[in-house]
Amino acid sequence: MKKLILLICAFFVSSSLAFAKAAINQPAPDFTLTTSQGESVKLSDYKGKTVILEWTNHLCPYVQKHYDSNNMQTLQKQYTEKNVVWLSIISSAQGKQGYVTADEANTLTQQRSAAPTAVLFDPDGTVGKAYNAKTTPHMYIIDANGILKYQGAIDSIKSTNQADIPKAENYLVTAMNALEKGEKIQRPVTAAYGCSVKYK
């Protein structure tokens, strides 16, 4: 009986660790997901590098605002050229808006001249829910020590209008600038805006 109780306790402890929630200035929850190229990617494999997570859904007008204007691609290229890892994550469940196959994801990347390090699939929503990803886009910055430093909106104007992009403060850029200078990020959490993540 004592052994059974210990086993049950161990199960709940391991389960809580597996589904630990993301929190600012705490270790980012580790995960393993499959890329659009069919490879397995583990977040902790990138320790030592800054990582940007971008939750995305190509059919969401808020996402389209940033891709049709080339804003998202410019940011992807800007940071990956600095050896930052950029992971675009799709948590849309099969049969819901934004779900794509690997081939479709690769075609989208090519057609839009997108430049993430990888496109990752999270169709059961486990990773998205661990990070409390609510919208597309929803952005996260993880520093080289694996600590979550920013989560929230890409910028300060909640609209689908491309003309608002140059008028807005880009929260992602502001946070990355502070991180690069070793300064405190003044707004580590902002309210993300966009379409709801289409979880199953």
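Biologist: In what order do the seven strands form the open sheet, and what is the pairing?

Modeller: The order is β2-β1-β5-β4-β3-β7-β8, and the pairing is mixed. Strands here are DSSP runs of E with at least two residues, helices are runs of H or I with at least four, and both are numbered from the N terminus. Two strands count as paired if DSSP finds at least two bridges between them.

Biologist: Why are β2 and β8 said to stand at the edges?

Modeller: β2 (40–42) and β8 (148–152) each have a single partner strand, so one side of each lacks a neighbour in the sheet. From one strand to the next, the twist averages 30°. Such angles run from 0 to 180 degrees between N-to-C directions, with axes as lines fitted to C-alpha atoms, for helices over the stretch in contact.

Biologist: Before we go on, what should I keep in mind about the model?

Modeller: The model is predicted, so to speak of local features we need pLDDT of at least 70, and side-chain atom pairs count only at pLDDT 80 or more, while totals for chains, interfaces and linings use all residues. Residues are numbered from 1 along each chain as its sequence is written, and side-chain values use heavy atoms, leaving out hydrogens and water.

Biologist: What makes β3 and β7 a pair?

Modeller: The rule asks for at least two bridges, and five join β3 (residues 51–55) to β7 (residues 138–142), so they are paired; they run antiparallel. Glu54 stands opposite Met139 in β7, and Val51 stands opposite Ile142 in that strand. Helix α6 (residues 171–181) packs on the sheet and touches β3, β4 (85–90), β7 and β8, where contact means heavy atoms within 4.5 Å. The direction of α6 makes about 5° with that of β7.

Biologist: In which sense do β3 and β4 pair, and how do β4 and β5 run?

Modeller: β3 and β4 pair in the parallel sense over five bridges, with Trp55 opposite Ile89 in β4. β4 and β5 run parallel too, joined by four bridges, and Leu87 has Ala118 in β5 as its bridge partner. By contrast, β1 (residues 32–35) and β5 run antiparallel, with two bridges; Thr34 has Phe121 as its partner in β5.

Biologist: What makes Thr35 count as buried or exposed?

Modeller: Buried means under 20% relative accessible area, exposed over 50%, and partly exposed in between, using a 1.4 Å probe and protein chains only. Thr35 has 4% relative accessibility, so it counts as buried. Thr35 belongs to strand β1 and touches Val41, Ala118, Val119, Leu120 and Phe121, leaving aside residues up to four places away in sequence.

Biologist: How do you know that both faces of β3 are covered?

Modeller: Val51, Leu53 and Trp55 on one side and Ile52 and Glu54 on the other are all buried. In a regular strand, side chains alternate between the two faces of the sheet. In β5 (residues 118–121), Ala118 and Leu120 point one way and Val119 and Phe121 the other way, and all are buried.

Biologist: Why is one space called a cavity and another a pocket?

Modeller: On a 1 Å grid over the protein atoms alone, a cavity is a set of points where a 1.4 Å probe fits but cannot get out, whereas a pocket is an open set with protein on both sides within 12 Å along at least five of seven lines; lining residues have an atom within 4 Å of a point. Grid points are joined across faces, edges and corners, and a volume is the space filled by probe spheres set on the points. The count comes to two cavities of 30 Å³ or more.

Biologist: Which residues lie nearest the centre of the largest cavity?

Modeller: Of its 16 lining residues, Thr56, Ile90, Leu108, Arg112 and Val119 lie nearest the centre. The largest share of that lining, three residues, comes from α4.

Biologist: And how much space lies in the largest pocket?

Modeller: About 150 Å³. Its lining has 13 residues, and the closest to its centre are Ala28, Leu43, Ser44, Lys47 and Gly146.
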